Amino acid sequence: MTDPGNFGSGGLGGALGNVAGNAIVRRRAEKYAAEGKAEVALRVLEGTQEGLKGGWRRGVATLWSGRLDFESAVGGFHPWRRPAAAIPVTAIDASAPRTAAGKDALTLDQNALIVGVLTPTARLELAVAPPYRLEWVLQRIWPAR
């Protein structure tokens, strides 16, 4: 039985920590969304794309029609960022978003939705986790026609 006064990973301390952590994440998400940005993860499936690799890279993307400028976090630590990489988006396969499973679940939020993204030089996967909405991110980066 867990002591409700335990300030470890369970009990009241764990609950308060989750509430505080969620509030911080929501505030940061609101700030980024107001600036046209979102915290996302990207990886290369085929081809090459400047600033990305085969493994997931998490960071902040500025969302433009037909492009995103992605600043990945070094070691997942937000204050340390790599230089922004401009990633042109030529197509998006949002027909069947999937959730993180298997090895992906070790890196990504369990509630993240993943879709395919094409650039002129690569096939990528884009993961978007709450509190961000996948539909909002895709609407902002959808290539102009």
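Thr 119 is buried, because its relative accessibility is 7% (buried means under 20% relative accessible area, exposed over 50%, partly exposed in between, with a 1.4 Å probe and protein chains only). This is a predicted model: local features need pLDDT of at least 70, side-chain atom pairs count only at pLDDT 80 or more, and totals for chains, interfaces and linings use all residues. Residues are numbered from 1 along each chain as its sequence is written, and side-chain values use heavy atoms, with hydrogens and water left out.

**Around Thr 119**
- Thr 119 sits in the loop between β7 (113-118) and β8 (122-128). Strands are DSSP runs (E, at least two residues), numbered from the N terminus.
- Beyond its neighbours within four places in sequence, Thr 119 is in contact with Gln 49, Ile 87, Pro 88, Thr 90 and Leu 124 (contact means heavy atoms within 4.5 Å).

**Salt bridges**
- The count is ten salt bridges (a side-chain nitrogen of Lys or Arg within 4 Å of a carboxyl oxygen of Asp or Glu).
- Lys 31 pairs with Glu 35 at 3.6 Å, N to O.
- Lys 37 also forms a salt bridge with Glu 35, at 3.6 Å, N to O.
- Lys 31 is partly exposed at 47%, Glu 35 is partly exposed at 40%, and Lys 37 is partly exposed at 22%.

**A link between strands**
- Glu 125 and Arg 98 form a salt bridge at 3.0 Å, N to O.
- Glu 125 is in β8 and Arg 98 in β6 (residues 91-99), so the pair ties together parts 27 residues apart in sequence.
- Glu 125 is buried at 10%, whereas Arg 98 is partly exposed at 28%.
- Arg 43, Arg 98, Asp 104 and Glu 125 are linked in a salt-bridge network.

Definitions and conventions: Helices (H or I, at least four residues) and strands (E, at least two) are DSSP runs, numbered from the N terminus.
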